[in-house]
Amino acid sequence: MRCFVEWEPGSGIDIVDKAGLLMWVASYADRRGVTADGRRLARVLEDRENAGDTRLAIGLANPHAQDRVVNSATLLFVKLLRPLADWRPGDCIDRFLFTLLPERVAFNEAARIKAFYRLIANETAMNVLRVGDQEEIQSILPTERE
Amino acid sequence: MVIEYKRSLIDYLLNRRDFVSGAELSDMLGVSTKTVARLVKQINAQQDDCTIIESQRGRGYRLDYQNYFNQMDRGDERPSDASQLTSVERRDEVMKRLLMTSPQQYRMDELWGRFCISDSAISSDLTALRRMLAEFHLTLERVGDCVWIEGGETDIRNAITDLLVTDDVASIGRFMQTDQRIQRRDAAFIQHEMSLVEDLMHSEIPYPYSINLFTHLYILIERYREVGSLIDDGFRPQESDESTRHPEIARVCEKVIDDLNLYLDAKLPESETYYLHQYLASSRIDGGGVTPDEIPQQVRSVTQYLIDEVRRDPYYQGIDARELFSGLAKHMKPLLNRLENGIKVRNNLLEQIKLEYPRLFDVVRQAVTGLSEHFGLAPIDDEETGFITVYFAQAVEMRPRPFNVLLVCTTGLGTAQLLRAKIQRRFSELHIVATVASRDLKPELKAHPETDLVVSTVGLTEHFKVPTLIVSAMLTIEDQERLERKVDQIRKGDALQ
């Protein structure tokens, strides 16, 4: 499983809204070889957002997708410089835990993902995701970071 | 089947002296109350000129003891040709005669002559009888042509109880006493004494202890009649702790033994008062009820150990231990007394208990085996295990039905897992059957028909028969309240169905 932490990315690009963030993620995933079809991935992520709130806490969302265009199970944590006002009405969100999964997830990877989500049910771990710095975030993600 | 129902119905009423409701009988037989009424009608119709089961609106049914005895006497037609008996019946007859009259000696011909069987068959009978008697520390002696049983009075009576007695009090009388006039008189005397015990103790003697006590007194009387005196075991009770601990029981026993002395025109050994005391102390006679504080420490430990052992089994973890404790402790107190004094009780519901609660019975059996080892007690047999199982069965049935929840998220791996941890922490009464991906929900619902509610972090496009609830992965206070309301609503709806 691959894990990335991107801290206030977008030098040269100002991510100011939901669409901008999804475009940035699509392009990032393309570049990192997480997907061969960034556009489709962005669509799938948006569909999921439309199907229901993915927030894990105030200021922290968990956009996710399971689709054939995803090559490998990936966790991508993004902390934005400025929160997005249009992600969820009434909440300004600046932290995103993207979870991208292929159609078939290997057994050991599935187990690690499950364990990670159970871990963040713990308030302390969730607080790290909500307010922790880059190092702290990296310390609780489950596997190798890039 | 109908015959079995009738037999069970009569057996059940034989163990109860007051009216029993139609609902209780229908539960016991597993038939409707209408069928119970029909069975009673058929049973009464089969009698010559009397009613053996009385019925009263609002009270139920009661056996007319006198009429039942009369009918049993008339119908008691034993095979006239002894050679037609099976080997088991033959050994039973010989055993009965030898035990009831022990240590009286018999010539072989007196015992086996009327059966017209070969020497080798007699030899097989002797071997079988020896084997059975050995379990009661009794020996079958043979010198020349004479045979007899050697052993202590207590062992002889234990053997009679175990080998020959059923819990049908009428047949106890029949097998021990062939003179029906004496048989009925003895039975009536014992019934009278049992009522006296209940009056003096201000408590009913419940089944199966009533049968146990009846049997004990009956065997005592018949042994005395057959032998003329009772074998002196050499047992001399001291000023025992028991009498001090239960002065009320001690007074009752002295009264009953006095009555027996008058009835038999005898002076029974002092040990009989002690034995009777053991029986009464080993019966569950509450005598106005025992408060939890009055339960001795050993009984508390033993009861708690049993409950803990049974609850080790994941299936029985949800049993309400506190509710179970007081009832079971009251049962365990006399049970420990029975174990200590080698008193056995019959459990005519044993087969039914095994049939209805096979898994629970096995779990309880394992627990009681561990209990005996742990506390250094005598082994607890299946009959006793059956009684204990009933207490656990009741607790299992009282246990609230688990509320089964199936959790859904897009992948089944992410927020459903988060939700699982949160729900487990905050809603202990909810049982999570699975966490699944939304696309797999349909087959998973088929695989888990026990599901009461689907909780999802993602909107569901399809309609399902099972109620659904969409919550946020945050499981906010509002989500929790909605979940509580939904569960409550489903439970109430469930209860109305």
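**Group meeting: a look at chain B**

This is a predicted model, and in it chain B averages a pLDDT of 81, with 85% of the residues scoring at least 70. One stretch needs care. Over residues 76-80 of chain B the pLDDT is below 50. Beyond near neighbours in sequence, that stretch has three contacts in the model. Where pLDDT is low, the predicted coordinates should not be read in detail. For the complex, the predictor gives an ipTM of 0.88 and a pTM of 0.45.

Now the contact between the chains. Chain A puts in 21 residues, and chain B puts in 16 residues. Which helix of chain B gives the most to that side? Helix 20, residues 415-426, with five residues. By class, the side of chain B that touches chain A has eight polar, seven nonpolar and one charged residues.

Next, a sheet in chain B. It is open, has three strands in the order 3-5-4, and the pairing is antiparallel. Strand 3 (106-107) and strand 4 (139-143) each have a single partner strand, so one side of each is left without a neighbour in the sheet. Strand 4 pairs with strand 5, residues 146-150, over five bridges. Within this sheet, B:Glu141 stands opposite B:Trp148 in strand 5. Helix 7, residues 119-134, lies across strand 4 and strand 5 of chain B. Helix 7 runs at about 140° to strand 4.

Last, helix 11 of chain B, residues 209-227. At 1.5 Å a residue, its 19 residues should span 27 Å; the end C-alpha atoms are 26 Å apart, which agrees. Is helix 11 enclosed or open? 15 of its 19 residues are buried, so helix 11 is largely enclosed by the rest of the structure.

Methods: Residues are numbered from 1 along each chain as its sequence is written. Chains are lettered from A and ligands numbered from 1 in the order in which they are written. This is a predicted model: local features need pLDDT of at least 70, side-chain atom pairs count only at pLDDT 80 or more; totals for chains, interfaces and linings use all residues. Two residues are in contact if their C-beta atoms, placed from the backbone, lie within 7 Å. Helices (H or I, at least four residues) and strands (E, at least two) are DSSP runs, numbered from the N terminus. Ala, Val, Leu, Ile, Met, Phe, Trp, Tyr, Cys and Pro count as nonpolar, Asp, Glu, Lys and Arg as charged, and the others, Gly among them, as polar. The expected span of a helix is 1.5 Å times one less than its number of residues. A residue is buried if 20 or more other C-beta atoms lie within 10 Å of its own, exposed if 12 or fewer, and partly exposed in between; C-beta atoms are placed from the backbone. pLDDT is the predictor's confidence in each residue, from 0 to 100. Two strands pair if DSSP finds at least two bridges between them. Axes are lines fitted to C-alpha atoms, for helices over the stretch in contact, and angles run from 0 to 180 degrees between N-to-C directions.
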